[in-house]
Amino acid sequence: MSYLGYSESRLNELGAYWTAREIEQQPASWLRTNEYLLNNSARIEDFLRPLLARSDCRIILTGAGTSAFAGTCLAPLLSGILGRHIEAIPTTDLVSGPAQHFFRDIPTLLVSFARSGNSPESAAAVRLADSILDECYQLVLSCNADGELYRLCGDRANCLALLMPEETNDRAFAMTSSFSSMLLAAISVFTGIAAFNEKVIRFSPLVEDFIKTENGRIKEIADTNCSRVIYLGSNGLTGLAQEASLKLLELTDGQVLTIHESPLGVRHGPKSILNEDSLVVIFMSADSYTRKYDLDILDELVLDRQVKQIVALTTSVDPDHHRPEFFPVNAAEGLTDLELFFPYVVFAQMYGFHHSLKVGNTPDEPSASGTVHRVVKGVHIHACAA
């Protein structure tokens, strides 16, 4: 077997086997996640639909690090689809300032994303919500049946715990298949499992083909070895830009300076980071109105002639298809931003993987100092009187 263009033996030599495998396995894992949701659709509907029918029920999407960015991706897009305000608040904020985020008399559904479920803040946020709120409901999406969070919420009446396929509990440091599978599960349960099932069946093989056909091209982009990388995306794609930026930072162990912003926000100061050794990656929106702003910043960056390279991820059908900066996802026309999350995040993961190897790092265990861990250590949860 080979993954991302490397044999298993070579990947083991490079300290990169699990990262490469877990990136490439994602389309198959999405189909397994989808099957699990279909098989459990009755109990998911029984738990979730009565809560969504209540206009007084607040919805908070939470997690730490990459798991928090799942909520940042989804909150604006799900708010638009469901016609209600949905908030993304990291567990790191909920735990450090619960009185600022939990309001006792407001019924609340707390949606927790967690790969291992063993990060100290994960269970602490759940316990704080239960202790502070008069009416609290918990939806947990996790990849680890043995994790504290899954065990804590598995058999409680006010909780529903959903378990992603076993292989998504990534063994590598970086969250890849765990992130995308939990993202997929959340979209499915909130927008309709049966309806989203058809979309998963469509885009999973599309992304599988994308990995195979574009791996070489993505490696070539990484081989330019830009020392600064800026990810841009609008609305929910801003959250994806944040995750892409973190992935590169993690996998290169901070050897690459990387930030994220929105196409409109980047002009308000962050554009100062750009120089002749910069790569800008734009996650182009499928929304025709939002896309105008994406195209504006693309035009501006091209005219500035300040950066080494610009990559604009887009669908294959576009009136401006002649633009050399476009990196089309073939057969992706008709996908919304919710579905474009999946090929776009795979691009970012693959780029981060290849750039990590380019700078001589080991993707499976990227922290040379050993001070950054797969499951966060060193957090002390203090007693809260709230």
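Contact here means heavy atoms within 4.5 Å. The model is predicted, so local features need pLDDT of at least 70 and side-chain atom pairs count only at pLDDT 80 or more, while totals for chains, interfaces and linings use all residues. Residues are numbered from 1 along each chain as its sequence is written, and side-chain values use heavy atoms, with hydrogens and water left out.

**Exercise 1.** Find Ala332 and decide whether Ala332 is buried or exposed.

*Solution.* Start with the loop between strand 12 (326-329) and helix 13 (337-358), where Ala332 is found. Helices (H or I, at least four residues) and strands (E, at least two) are DSSP runs, numbered from the N terminus. Next, check the relative accessible area: Ala332 has 0%. Buried means under 20%, exposed over 50%, partly exposed in between (1.4 Å probe, protein chains only), so Ala332 is buried. Finally, look for its partners: leaving aside residues up to four places away in sequence, Ala332 touches Arg202, Leu206, Thr315, Ser316 and Leu340.

**Exercise 2.** Where does Leu264 lie, and how does Leu264 count by its relative accessibility?

*Solution.* Go to the loop between strand 9 (257-261) and strand 10 (278-283); Leu264 lies there. With 44% relative accessibility, Leu264 counts as partly exposed.

**Exercise 3.** Describe how strand 8 and strand 9 pair.

*Solution.* Two strands pair if DSSP finds at least two bridges between them. Strand 8 (residues 228-233) and strand 9 have five bridges, in the parallel sense. Within this pairing, Tyr231 stands opposite His260 in strand 9.
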